[in-house]
Amino acid sequence: MLTNFKRVLRFAFADFYRNKGISIAAIFVLVITTLLITGLFFMQGISDFIILQVKDKIDITAYFKSDTQEQDILIIKDEILKASPDIKNIEYVSQEDALNDFTEKHKGNTVFSKALIEVGNNPFLPSLNITTTGDTLQYENISNIIQQSRFSDFIEKVDFSQKKDTIEKIFSITKNISRFGLGLAIILILVAVLVVFNTLKLVVDKSKEEISTMRIVGASSWFVRAPFIFQGVIFGCISFVVCFLVTILLSYLLSSGLSVIMPGFSLSNYFASNLFAIILIQLGFGVIIGVVSSFIVVNKYLKV
Amino acid sequence: MIKFKNVTKIYPPNSVVLEDISFEIKEGEFISIVGKSGAGKTTLIRIILGLEKATYGEVFFDGQNISAIDSDGLQKIRRRIGGIYQDYKLLPLKTVYENVSYIMAIEGKDNEEIKKEVPRILEVIGLGEKINNFPRELSGGEQQRLAVARAFVNHPDIIIADEPTGNLDPYNTYEVISLLEKINKAGKTVILSTHDREIINKLGKRVVTIENGKIIRDEEKGRFII
């Protein structure tokens, strides 16, 4: 058994070497398609990051009456937190903080400065800024909780109804982007699989007559098929090494440029934190498609 | 050893290549199947090898019905047959050495035996110098001799030679036929398909003549008469 295994391996390497031209072509196609799939994986990461950034900008604000004590607001904050597990972040902004934020934001704007002087006192209300982990419905639920009668003595207004349309639009856009990305990924993966399958079919087709002769002289299905399957593994492994090196290089080269366009996103960090998944995708795609394609194509010619 | 029982082969839609063929090949026999091109000789051989199935009738190999046998069983039968063909059927991506050693590897022979036997048989057949060449680097005669070496290396029970001298010059033709005779003298069954009158008449062995898919003559020590 071990002897036969060694023989099959030797045949696989010999055929690989003797068919250099077509072997290199097959590896090239496999590298391109594996890189395409790796690219899709990175695109998924980038789009997830962008969607998260956009979603993080969504919040609702509960404004309290100006005479509400900070202590009461903090108690309400705790109660809201208890009542709604979907809250990602809830931040108390006092009247002073709101005023400071405003003046800082509009520093140098004489119109706003004059208006504040004319009003005389601090016109801002204390508030709670709330973000959730979920969609519009969750924001609506939180808004409903805040507007319950037990809080009505303290609450001036909740801006959910004003922001509802915007929130819905953002969620709809992000959802559509995700769907489109998924659809595009499926189509591209299918195209990649078909291209690789047909290329490997060419590799096996070249040996069609040889397979037929092997059968005529009495070789078992395994003895004929195994070298081609091992060749598929060789193609997959070489393609993986090439793709992995290219991915490392591209991650390094593009990382700084991307972090300028998308502050907070580091391509090299994304690569490092998803190293195992990337290895699995590149090695898995190359080897599995190599083996399966060889198996299917050789099977066709074994019927001799 | 091999028995044809009312075998008919029809290729769609209605091309009858063999019609109601019945005959038997005994162990150790040297049988020549003769006929014009297109008479059905190659189809008959392809049926023995399990490359074609009879449309009607049965073919038995040591009592086993070839048409009813599974893939593994068929491969076991093929391993008992050494084939020499007009188009050589060599493995183009394998060297001379590998073409012969492949047959031994199929049989599960160990490396020591292969390393000893393959160079020996290649030396006998006159290809000892070309052990690392590929079939495309050999002449027609050399390729046919390689096919002969491959057919003999496992000492099969039967040698099937389908037009083995078709591409050979008279000298190589004589060499191949002499080898087949030697093999037969060693007790192996030889089935020779040819349309070479001179060879048949010189052999003086059993001759089965096929014409238009039918056996028209089956004679011990027969001659080529068409």
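Biologist: How do the residues of the lining of the largest cavity divide into nonpolar, polar and charged?

Modeller: In this predicted model, the largest cavity is lined by 14 residues. Sorted by class, that lining divides into 8 nonpolar, 3 polar and 3 charged residues.

Biologist: Which element gives the largest share of the lining of the largest cavity?

Modeller: Among the residues nearest the centre of this cavity are A:Val217, B:Ile81, B:Gly82, B:Gly83 and B:Ile103. Two or more lining residues come from each of helix H2 (71-79), strand E6 (81-85) and helix H5 (140-152) of chain B. The largest share, 4 residues, belongs to E6(B).

Biologist: What is the volume of the largest cavity?

Modeller: The count of cavities of 30 Å³ or more comes to 1. For the largest cavity, the computed volume is about 140 Å³.

Biologist: What area is buried between chain A and chain B?

Modeller: The contact draws 21 residues from chain A and 26 residues from chain B. Carbon and sulfur atoms give 55% of the area buried between the two chains. That buried area is about 2,100 Å².

Biologist: Which residue of chain A forms a salt bridge with B:Lys94?

Modeller: Across the interface of chain A and chain B, 3 salt bridges are found. In the salt bridge of B:Lys94, the closest N and O atoms are 3.6 Å apart, and the cut-off for such a pair is 4 Å. The partner of B:Lys94 is A:Asp15.

Biologist: Which helix supplies the largest share of the lining of the largest pocket?

Modeller: The largest pocket holds about 360 Å³ of space. Of its 16 lining residues, the closest to the centre are A:Leu40, A:Met43, A:Gln44, A:Gly181 and A:Ala185. Helix H2 (20-56) and helix H7 (160-205) of chain A each supply at least two lining residues. The largest share, 8 residues, comes from H7(A).

Biologist: How many charged residues are in the lining of the largest pocket?

Modeller: By class, the lining of the largest pocket has 11 nonpolar and 4 polar residues. The number of charged residues there is 1.

Biologist: How far apart are the end C-alpha atoms over residues 275-298 of chain A?

Modeller: An unreviewed UniProt entry lists residues 21-43, 180-201, 222-255 and 275-298 of chain A under "transmembrane region". Over residues 21-43 of chain A, the chain is 100% helix and 0% strand, with end C-alpha atoms 33 Å apart. Residues 275-298 of chain A are likewise 100% helix and 0% strand. For residues 275-298, the end C-alpha atoms are separated by 34 Å.

Technical notes
Residues numbered from 1 in each chain as written. Chains lettered and ligands numbered in written order. Predicted model: local features only at pLDDT ≥ 70, side-chain atom pairs only at ≥ 80, totals over all residues. Heavy atoms only, no water. UniProt positions renumbered as here; feature names shortened; annotations may be inferred. 1 Å grid on protein atoms, 1.4 Å probe; cavity = no way out; pocket = protein on both sides within 12 Å on 5 of 7 lines; lining within 4 Å. Points joined across faces, edges and corners; volume = space filled by probe spheres on them. Nonpolar A, V, L, I, M, F, W, Y, C, P; charged D, E, K, R; others polar. Contact = heavy atoms within 4.5 Å. Buried area = accessible area lost by both parts, 1.4 Å probe. Salt bridge = Lys/Arg side-chain N within 4 Å of Asp/Glu carboxyl O.
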